[in-house]
Amino acid sequence: MRIQQLLYPHEEVLIMLRRDQWILIKIVLFYGLLLVAPIFLIFLLQIYAPLWLSQHYGDELKKIIFVLSASFYYMFVWVFFFRAWIDYYLDIWLVTNERIISIEQQGLFSRTIAEQKLYRIQDVHAEVHGLVATFLDFGNITIQTAGKQSLFVFKEVPKPHAVAKNIAKLAEWDKKMKKVSS
Amino acid sequence: MDIPYYVFLIAYIISAFFGVLFFSFNMYHVVKYALQTTVSIFVTTFFVIGFILMLGVTAVFIAGTDWQQTFSITIGL
């Protein structure tokens, strides 16, 4: 389901958030390390145990096992890398002129889309925890609403304090427009 | 006991089948939910090319190997 299909005819997206880019960088570094590790291992073996490598790699059966194992390893690392990127990319939080929408991909076969009207927002607060999060300015925004799903959490989003302030302003504005008392 | 080399090939093909299946599930999600921006198209193409390249290199190796050869193991009880 594309984002445009979620919106009403006169609705426009004011804020669109994904997790901070540092999360993506961490994913790329982790899987990059897993992809490079076997090559690094062979390089170390060539330096510190070259006889072992020629003894064990020379035999055709061991060559078959080595190549098939490496292929199996790289195939699954690559697929999990792809899955991790999809998980990062498909988590989206939207703030429109009418609603807040939370779209979360939880694993491969679990997707949650929750929405709430802006005037039902009761409380917005932002949290930044950790050294890296403080320097790169990303964190969680927790939104308390009056509804079935009372808590929305925007996870690891950039500039959480500024975004939380904007959401609070939008909620106030929407309440005034719809003349809803807090 | 003589075991043919293709025993390893069968095991690899089964694992490759599940790998391709898992990759297909990933592609399904991308096409359904995410294939609408330049970034997602580029990244998806990158992953697809990488996956095909990997399978291709392995296929070349598999084609160049005589899988009917056998090796013997002795099971001592």
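## Strands S3 and S4 of chain A

A:Ile100 has A:Gln116 as its bridge partner in S4(A). This model is predicted. S3(A) and S4(A) run antiparallel and are joined by 7 bridges. The two strands form a hairpin, with 5 residues between them. In the turn, A:Gly107 has a positive phi of about 80°.

Strand S2 (residues 92–96) of chain A pairs with strand S3 (residues 99–105) of chain A over 4 bridges, in the antiparallel sense.

## The four-stranded sheet

These strands belong to an open sheet of 4 strands in chain A, with the order S1-S2-S3-S4. The pairing is antiparallel. Strand S1 (13–17) and strand S4 (111–117) of chain A are the edge strands, and each pairs on one side only. From one strand to the next, the twist averages 10°.

A helix packs on this sheet. H6(A) touches S1 and S2 of chain A. The direction of H6(A) makes about 150° with that of S1(A).

## The three-stranded sheet

Chain A also has an open sheet of 3 strands, in the order S5-S6-S7. Its pairing is antiparallel. Strand S5 (121–127) and strand S7 (151–158) of chain A stand at the edges. Each has a single partner strand, so one side of each is left without a neighbour in the sheet. The twist here averages 15° from one strand to the next.

S5(A) and strand S6 (residues 138–145) of chain A run antiparallel, joined by 6 bridges. Within that pairing, A:Val124 stands opposite A:Ile143 in S6(A). Helix H6 (residues 160–178) of chain A packs on this sheet as well, touching S5, S6 and S7 of chain A. The direction of H6 makes about 170° with that of S5(A).

## Positive phi in chain A

Most residues other than glycine have a negative phi. A:Asp137 is not a glycine, yet its phi is positive, about 55°. A:Asp137 sits in the loop between helix H5 (131–136) and S6 of chain A.

With 18 C-beta neighbours inside 10 Å, A:Lys159 counts as partly exposed.

## A residue of helix H2 in chain A

Helix H2 (residues 21–48) of chain A holds A:Ile25. A:Ile25 has 11 other C-beta atoms within 10 Å, so it is exposed. How far is A:Ile25 from A:Val79 in sequence and in space? The two are 54 residues apart in sequence. In space, they are 17 Å apart, C-alpha to C-alpha.

## Helix H1 of chain B

Helix H1 (residues 6–34) of chain B has 29 residues. At 1.5 Å a residue it should span 42 Å. The end C-alpha atoms are 40 Å apart, which agrees.

Which residues of H1(B) are buried? They are B:Tyr12, B:Gly19, B:Phe23, B:Asn26, B:His29, B:Val30 and B:Ala34. Their cover includes helix H4 (60–89) of chain A together with H2 of chain B.

## Contact between the chains

Chain A puts 21 residues in contact with 25 residues of chain B. What is the make-up of the side of chain A that touches chain B? It divides into 18 nonpolar, 1 polar and 2 charged residues.

## Confidence

The model scores ipTM 0.85 and pTM 0.85. In chain B the pLDDT averages 84, and 92% of the residues score at least 70. Among the elements of chain B, helix H2 (residues 38–63) has the highest mean pLDDT, 90. The lowest, 71, belongs to strand S2 (residues 70–72) of chain B.

Technical notes. Residues numbered from 1 in each chain as written. Chains lettered and ligands numbered in written order. Predicted model: local features only at pLDDT ≥ 70, side-chain atom pairs only at ≥ 80, totals over all residues. Pairing = 2+ DSSP bridges. Axes fitted to C-alpha atoms, helices over the stretch in contact; angles between N-to-C directions. Contact = placed C-beta atoms within 7 Å. pLDDT = per-residue confidence, 0-100. Expected span 1.5 Å × (residues − 1). Buried ≥ 20, exposed ≤ 12 C-beta atoms within 10 Å, placed from the backbone. Nonpolar A, V, L, I, M, F, W, Y, C, P; charged D, E, K, R; others polar.
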